[in-house]
2 protein chains.
Amino acid sequence: MQLILDKQGTLYEQIARSLKLNILGGRLVAGSRLPSTRTLAIALGVSRKSVIEAYELLSAEQLVSARGGSCTRVADIGGAAAVSKRSRVLSVSRYATRLRKLPPLQLAIARLDTRPKYNLQYGEPLLNRALLNSWRRKLAAAALRAASTYPDAAGFVPLRRAIADYLSRRRGVICHASDILIVGGTQQALTLVARVLLNEQEHVVVEDPHYQLAMHSLLTHGARITSVRTDSEGIVVAEMPSRATRLAYVTPSHQFPSGVIMTLERRIELLKWAARADSWIFEDDYDSEFHSGDRPVASLRSLDLSERVIYVGSLSKTLFPSLRLGYIVCPKGLRDDLFKAKQLDDLGSPAIEQAALATFMQSRQFDNHLRISLKEILIRRRTVVESLERLEPHIEIGPHQGGMHLVIWFRQLRFSQLDRFLKHARSVGLGLDPIHPYYRVKPSRPGLIIGYAGVSNAQLKTAMDLLARCVEAI
Amino acid sequence: MQLILDKQGTLYEQIARSLKLNILGGRLVAGSRLPSTRTLAIALGVSRKSVIEAYELLSAEQLVSARGGSCTRVADIGGAAAVSKRSRVLSVSRYATRLRKLPPLQLAIARLDTRPKYNLQYGEPLLNRALLNSWRRKLAAAALRAASTYPDAAGFVPLRRAIADYLSRRRGVICHASDILIVGGTQQALTLVARVLLNEQEHVVVEDPHYQLAMHSLLTHGARITSVRTDSEGIVVAEMPSRATRLAYVTPSHQFPSGVIMTLERRIELLKWAARADSWIFEDDYDSEFHSGDRPVASLRSLDLSERVIYVGSLSKTLFPSLRLGYIVCPKGLRDDLFKAKQLDDLGSPAIEQAALATFMQSRQFDNHLRISLKEILIRRRTVVESLERLEPHIEIGPHQGGMHLVIWFRQLRFSQLDRFLKHARSVGLGLDPIHPYYRVKPSRPGLIIGYAGVSNAQLKTAMDLLARCVEAI
């Protein structure tokens with residue numbers, strides 16, 4: 001008998017596992033006697049206590065039978081070499097095969113290395129202590145009140161009502177609470193929609209630039225992706241394929257990541273295209289709250305007479321991303337399918353957070369929070385834009401009416417110089433994301449995405465000065 | 001122009017929507033003048049304020065242009081009959097087609113009608129005020145501490161460590177925190193596993209009786225299901241198909257819903273079968289905590305030398321179902337696939353609840369809670385079993401070493417009499433689930449599932465007296 005301790009877990013677990021391997025592997029046959037605990041302890045150079053505990057574990061698991069402690073015998077588990085090690089690699093699904101072929105993610109989200117001092121990368125939330133404090137109180141109250149049994153898979157009814165009210169009040173989207181499905185964020189919304197709509201090899205249109213994890217989700221579902229260029233009015237509908245398409249994934253209120261707001265004309269064109277191509281439209285109303293002007297352009301959903309727009313929103317930007325709550329306003333034709341798909345996916349989102357969110361949205365605190373956030377975002381946006389305007393000989397500034405980031409394009413810098421630029425910026429404390437990884441068709445010149453939610457306005461001023469010096473140095 | 005108000009939402013929204021339909025439908029052409037607010041208000045019999053607000057909404061959405069308030073004209077949205085109503089039904093995926101063909105759910109979970117006074121249906125959690133109070137404090141503390149940015153999709157590292165520790169301490173499962181994936185409960189675990197392993201039309205073995213939502217999930221993924229009978233030792237491995245099988249879904253520590261604990265011999269047989277059939281095993285360690293005896297039989301995972309067991313646990317039973325947190329101990333060969341599938345599914349589970357759970361599991365409170373719960377469960381189980389034993393001329397009692405429910409079988413009652421029996425029980429306040437809907441092959445006689453977690457021991461005594469009278473009345 002060979003006992004090799006694998007150094008994982010406590011000593012007694014290692015001893016027990018090693019003995020177990022010998023029993024299951026048939027090297028210790030049924031009825032054979034294990035060494036006494038004292039003998040084995042000496043042989044292994046461990047305390048007797050560890051060996052006793054290991055024997056007790058095996059005994060509790062019925063792999064050995066102990067009589068009086070002195071004599072421990074291997075139980076009959078039905079023949080030698082009971083369970084062999086695997087000889088070959090087990091196969092996985094086509095889904096997993098596609099998963100393995102995905103290009104690596106190039107997103108702030110995927111990075112877990114040390115944080116830069118001034119983090120202007122995309123995806124940082126706008127946070128304030130007051131929000132966390134009210135959220136904390138809402139959660140604590142909801143923990144006592146929320147039902148502890150299985151939640152309604154479609155979502156907590158008062159939350160769905162609060163969202164319907166919010167959408168009509170602030171987004172001009174009129175819908176019924178009963179058409180709203182609560183999901184774990186936009187990513188889950190896309191997964192559910194893809195599952196319900198897409199067979200492998202069917203056509204999907206995605207904007208370019210695009211959100212990488214949405215692209216990954218669609219690719220893994222087996223979609224054939226057509227990337228369609230965006231210009232200053234949004235996706236270029238004239239260049240969209242005329243063949244039958246299953247789904248178009250768009251971000252009209254704030255194109256990700258370019259920041260373009262899709263014009264009304266383009267929206268109407270897109271809906272006409274959808275009717276011709278017999279396509280559904282996934283309207284990701286991502287980052288729609290923090291616009292400089294008045295009420296934004298009408299949502300695709302509110303322009304849609306044919307119930308083919310799937311409107312999706314998230315609380316990741318207005319509250320914080322780790323909340324993982326969002327919603328789908330389901331078109332009638334897909335409502336029951338999406339509800340059932342959500343139930344089969346995870347039986348519904350967590351009840352306490354849903355209840356907390358419902359009271360938060362119903363209270364004045366939510367509107368207050370949005371007002372305060374917008375004010376702060378506008379201040380920071382001005383800091384960023386004013387500072388960037390002084391660099392206009394070197395850079396071009398992208399649209400910046402909304403959201404919590406903008407894009408700048410270098411006028412002279414070449415791609416070959418970009419890495420050195422980013423490293424230099426990093427060395428002075430600036431965390432910056434290049435923009436080209438968000439494109440499927442690489443743009444003609446390099447650019448940066450500048451997020452301004454994760455740092456205070458004071459820090460932002462310093463950061464922008466540092467950025468100016470980096471840009472002027474090239 | 002025809003204005004029909006659809007009675008959905010506020011009056012101004014109805015007016016705006018009705019006008020919008022006319023504009024988008026091309027009945028109000030570009031440049032044409034809308035009636036004055038006063039004229040329209042009179043025509044519709046509504047207040048002028050509602051019409052003004054409707055015009056303002058349309059103006060903000062750029063569908064009309066107002067000049068000075070008196071003259072509102074339809075904007076040019078690119079041609080008449082811009083967006084037509086849909087003429088035909090859009091198609092959905094094969095997944096959704098299968099979804100639509102699922103048999104209706106017959107589970108307590110699916111019911112939302114009035115609660116019976118004594119609810120002995122399956123799925124009610126064991127609750128106590130102390131648990132909710134500590135959970136509330138943990139949540140509130142975590143809300144201030146947890147990162148608000150996107151969580152690690154695989155799960156919060158301290159929680160994964162706490163679960164690895166718990167599994168080794170209480171379940172005899174030795175694993176690394178890095179192999180643990182946090183998911184939104186067992187249902188999501190199954191969805192992720194199915195996606196990563198199953199192509200349509202591949203073979204999956206499911207125990208009979210079985211958990212309906214697991215069956216639904218597998219059917220919707222397109223699996224070809226072989227239901228295999230269980231007896232008093234667990235799934236009858238001798239009757240499992242010898243052909244190549246992709247996955248076997250089993251509940252060894254407490255067969256759902258029969259309550260049978262799979263014997264060690266059967267576990268070894270099952271692992272041998274998996275090696276022959278080249279199958280993965282989904283070990284749903286559902287409801288494993290509340291056993292009467294000592295440490296339960298070794299888990300399949302701890303007997304598995306070939307890394308083909310996917311061990312899944314949930315906090316739904318030990319804490320409460322609305323928490324929606326569980327975990328997968330991933331076999332090495334599937335770890336990266338499952339991690340990535342979770343990321344693409346929903347970017348990870350909510351951060352605050354994960355952080356709260358981590359501190360709860362690390363603290364003594366969790367073990368205390370388990371100890372108190374076990375004590376309470378044992379008391380109630382005794383109440384139920386002692387009361388049922390007096391009915392043994394009429395019924396047979398199923399296994400009841402673990403879990404929070406048991407099954408009883410009628411000796412004489414026929415299926416044709418069952419409905420009347422259940423209605424009678426309901427009329428005296430008893431909520432009872434029949435057992436046969438959990439079977440794919442209908443059992444020879446009717447039975448009931450008796451859950452004893454959702455009512456106090458005092459109530460349980462009354463409920464069992466009521467049940468005795470109902471049984472004796474037949």
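**How the two copies meet and how chain A is built**

In this predicted model, 98% of the interface residues of chain A are also interface residues in chain B, so the copies meet through the same surface, contact meaning heavy atoms within 4.5 Å. Local features need pLDDT of at least 70 and side-chain atom pairs count only at pLDDT 80 or more, while totals for chains, interfaces and linings use all residues. Residues are numbered from 1 along each chain as its sequence is written, and side-chain values use heavy atoms, with hydrogens and water left out.

Colleague: What is the radius of gyration of chain A?

Modeller: Chain A has 15 helices and 16 strands, which are DSSP runs (helices H or I, at least four residues; strands E, at least two). Chain A is more spread out than a compact globule, because the globule rule gives 23 Å for 474 residues and its radius of gyration is well over that, at 29 Å; the radius is taken over C-alpha atoms, and the rule is 2.2 Å times the number of residues to the power 0.38.

Colleague: How much of chain A counts as buried?

Modeller: Buried means under 20% relative accessible area, with a 1.4 Å probe and protein chains only. Of the 474 residues of chain A, the share that counts as buried is 62%.

Notes:
Chains are lettered from A and ligands numbered from 1 in the order in which they are written. Buried means under 20% relative accessible area, exposed over 50%, partly exposed in between (1.4 Å probe, protein chains only).
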